[in-house]
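This briefing sets out selected features of the protein shown below.

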Amino acid sequence: MRLENNSFIAVHQRQHDISTCIELQYNPRQVLSVVEPATPCTSPQEVLYPVIFPIKLRGMVAVREARMGKAPEQKRHSITTNVKFSVGMVMKHKRYNYRCVIYGWDEKCVQSEDWIAQMRVDQHPPGRHQPFYNVLAHDGSNRYAAQVSLMECPSDEMGPIPHWEVGKYFTRFTGKNYIPNAPLKEVYPDDP
């Protein structure tokens with residue numbers, strides 16, 4: 001169901017109100033009980049998702065940084081690192097040939113020692129000390145790939161990635177790459 005212009009404005013205002021409530025740590029069930037009757041949309045998720053997702057994304061970054069044993073980092077700057085690829089690029093895995101889109105990156109591998117050993121990360125130079133990318137693969141899986149394992153997708157294979165989470169991170173596909181949404185752009189401000 002498409003919302004009329006006035007309904008869209010009402011929903012946007014309601015999203016702002018909910019965002020404020022959530023940021024102030026009000027009980028989400030209480031917030032939802034207030035929003036549901038007053039919201040002109042097909043489901044509360046239409047209102048809540050755009051509000052909760054940016055908060056969740058900031059939380060995901062904080063968890064990743066906590067694993068690395070340092071304070072949460074609000075923004076990631078690729079200009080000062082050896083990160084070659086950026087968020088939104090459509091890539092191809094060199095060994096397994098799956099196409100994917102990058103939705104995040106780490107300057108070095110932040111997985112557990114068990115994961116690093118199981119995946120034999122250190123057997124392939126530069127091992128854990130190279131950038132790693134969070135990618136959405138065309139088969140619907142989420143993967144964590146080393147920089148040396150990825151290459152830009154050849155133009156004859158270029159196309160959208162049919163992954164159900166693409167809409168969580170990107171606004172559109174240009175035919176060559178995906179455009180990050182505002183919350184993702186906030187985390188990776190230097191990525192084109």
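In this predicted model, a search of the whole structure finds eight aromatic pairs. One of them is formed by Trp105 and Tyr188, whose ring centres are 5.2 Å apart and whose planes stand at 55°, so the pair is classed as tilted. Trp105 belongs to strand 2 and Tyr188 to the segment after helix 6 (182-187), so this contact ties together parts that are 83 residues apart in sequence.

**Aromatic contacts**

- A pair of aromatic rings is described by two quantities, the distance of the centres and the angle of the planes.
- Trp105 and Tyr188 are both buried.
- One aromatic cluster is made up of Tyr103, Tyr169, Phe170, Phe173 and Tyr178.

**Overall composition**

- The protein contains six helices and seven strands.
- Along the sequence, these elements follow the pattern α-α-α-β-β-α-β-β-β-α-β-β-α.
- The protein has 192 residues, of which 40% count as buried.

- Five strands make up an open sheet in the order 4-3-2-1-5, with antiparallel pairing.
- Strand 4 and strand 5 (150-152) are the edge strands, each pairing on one side only.
- On average, neighbouring strands in this sheet are turned by 50° against each other, with direction ignored.
- Strands of a sheet pair through backbone hydrogen bonds, in either a parallel or an antiparallel arrangement.
- Strand 2 is mostly covered, as eight of its eight residues are buried.

**Strand pairings and hairpins**

- Strand 1 (residues 90-93) and strand 2 (residues 99-106) run antiparallel and are joined by three bridges. Lys92 has Arg99, in strand 2, as its bridge partner.
- The hairpin of strand 1 and strand 2 has five residues between the strands, and Asn97 takes a positive phi near 60° there.
- Six bridges connect strand 2 with strand 3 (residues 132-137), again in the antiparallel sense. Asp106 stands opposite Phe132 of strand 3.
- Strand 3 and strand 4 pair over five bridges and are also antiparallel. Here Phe132 stands opposite Ala146 in strand 4.
- Four residues separate strand 3 from strand 4 in their hairpin, and Gly140 in the turn has a positive phi of about 95°.

**Backbone geometry in the loops**

- Most residues other than glycine have a negative phi, and most peptide bonds are trans.
- Asn97 is not a glycine, yet it has a positive phi of about 60°. Asn97 is found in the loop between strand 1 and strand 2.
- The relative accessible area of Asn97 is 45%, and this residue is therefore partly exposed.
- Arg120 is likewise not a glycine and has a positive phi of about 55°. Arg120 lies in the loop between helix 4 and strand 3.
- Arg120 has a relative accessible area of 52%, so this residue counts as exposed.
- The peptide bond from Pro125 to Pro126 is cis, with omega near 0°. Pro126 is placed in the loop between helix 4 and strand 3.

**The largest pocket**

- Rolling a probe the size of a water molecule over the atoms shows where empty space is left.
- The largest pocket holds about 540 Å³ of space. It is lined by 19 residues, and those closest to its centre are His93, Tyr96, Met119, Tyr144 and Ser149.
- Helix 4 (113-118) and strand 4 (142-146) are the elements that give two or more residues to the lining of this pocket.
- Strand 4 contributes the most to the lining, with four residues.
- By class, the lining comprises 10 nonpolar, five polar and four charged residues.

Terms used:
Residues are numbered from 1 along each chain as its sequence is written. This is a predicted model: local features need pLDDT of at least 70, side-chain atom pairs count only at pLDDT 80 or more; totals for chains, interfaces and linings use all residues. Side-chain values use heavy atoms; hydrogens and water are left out. On a 1 Å grid over the protein atoms alone, a cavity is a set of points where a 1.4 Å probe fits but cannot get out, and a pocket is an open set with protein on both sides within 12 Å along at least five of seven lines; lining residues have an atom within 4 Å of a point. Grid points are joined across faces, edges and corners, and a volume is the space filled by probe spheres set on the points. Ala, Val, Leu, Ile, Met, Phe, Trp, Tyr, Cys and Pro count as nonpolar, Asp, Glu, Lys and Arg as charged, and the others, Gly among them, as polar. Two strands pair if DSSP finds at least two bridges between them. Axes are lines fitted to C-alpha atoms, for helices over the stretch in contact, and angles run from 0 to 180 degrees between N-to-C directions. Rings of Phe, Tyr and Trp (its six-membered ring) pair if their centres lie within 6.5 Å; planes under 30 degrees apart count as stacked, over 60 as edge-to-face and the rest as tilted. Buried means under 20% relative accessible area, exposed over 50%, partly exposed in between (1.4 Å probe, protein chains only).
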